[in-house]
Amino acid sequence: MDATYFDVNPNLAYRLSSHWSVGGGLDAIFSRTKDHFYFMNSTDYAKIDMKGTDVGWNAGLLYSSNFYRFGLTYRSGLTSHLRGTVDTGGAVLPTVFDDKNEVGESQIPPTWRFSGLYQLSPTWVVMTTLYYTQWKQAERSGIANGDDPKKIKYYTDYDNNNTISIAVGAKHQFNQRWGMAFGVIYDPQLTDNHVLQNGENKGKRIAPNNASYGLTMGLHYQRNPQWHYAFAMLYVLPTKQNVYMSSMGMPPAMDGVTRDDVFEVALATSRVF
C-alpha cells in the first residue's frame, strides 16, 4: 500500500516572560491512499484509490532557562475523510465494497508530547521526548457510498491500547549558523486484539504487534537572529506482525505476516518578531 501524507502545520508562539512561552496553530493534512494487489493462489484483486483533506489543531507550553528547556504540547485527533474508488475485482472481498464513488472514514488519535532539553556545553545539547498517543479515541474505520455518506455500508471497530513512545537524541552546533541533530525512537505500538464488523465480534485481527525502532536525523540553519530553517528525516525500521485476515471475512489462506517500514521528511521555517 502506498499511503502519502502532506502535513501543513502553521503555528504562532508568544513569549509571556523570560522563562514562559505559549503557542498554537492549525494542522492541515492532505492524504492519498493507493493500492493494487492480488491474493494468493487467486486471480482476484483489489484496487483502492482514495484521497482527502482534514484539519486539526495543536497547542503548547514552553519553559526555558540558561541550561534547561521543557515543553508540553497537545495535538488534536481528527477523523480522516477520504473519497475515491474501491474495486475488488472478484469474490474474495465482500462485493459491498465495489463502487466508483466511495467515501472512507478513519480516525487519527490525539497525542500529548513532553520534551526536555539540557545544554551540556556551548556546542552540545541532549534531549528526550515522551509521546502519549490516545489510540482508544481512534477505534473505528468505515466505508460508505459517496451518494449517501451517512449510510455506512461497512465499519470496523478496533480494541486498541493507548501507548507511550520515547525518543532520545543529541544536537551538535558546528558554528553560529549550522547545527545537526540525531536520535532514536522506541514505539511499543498499539495492541489490536479484536475486530467488530458492523457490530459483530470477528475475533483477533493482529497479534502481536511488535515494537518498532526509528532513526532520526536533522539539520538546522540560522540565517540570522530572526530566520531559522530546519530539515528532518525519520526512518522506522521494518517490523513484522501476524495478521489474521480471516477475522475480516477473508479466506483463512490470507492469514500471514506483514513487514512494514516508514519514511518521513519534514521541512520547517520560523520567524522571530
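**Salt bridges**

Modeller: The side chains of Arg 75 and Asp 7 form a salt bridge, with N to O at 2.3 Å; the term means a side-chain nitrogen of Lys or Arg within 4 Å of a carboxyl oxygen of Asp or Glu. Arg 75 belongs to strand β5 (residues 68-75) and Asp 7 to strand β1 (residues 2-8), so the pair links parts 68 residues apart in sequence. Strands (E, at least two residues) are DSSP runs, numbered from the N terminus. This is a predicted model, in which local features need pLDDT of at least 70 and side-chain atom pairs count only at pLDDT 80 or more, while totals for chains, interfaces and linings use all residues. Residues are numbered from 1 along each chain as its sequence is written, and side-chain values use heavy atoms, with hydrogens and water left out.

Biologist: Which strand holds Asp 27, the residue that pairs with Arg 75?

Modeller: The side chains of Asp 27 and Arg 75 meet in a salt bridge at 2.7 Å, N to O. This pair ties together parts that are 48 residues apart in sequence, because Arg 75 is in strand β5 and Asp 27 is in strand β3 (residues 20-38).

Biologist: Is Asp 27 buried or exposed?

Modeller: Buried means under 20% relative accessible area, exposed over 50%, and partly exposed in between, with a 1.4 Å probe and protein chains only. Asp 27 has a relative accessible area of 2%, so Asp 27 is buried.

Terms used: Helices (H or I, at least four residues) and strands (E, at least two) are DSSP runs, numbered from the N terminus.
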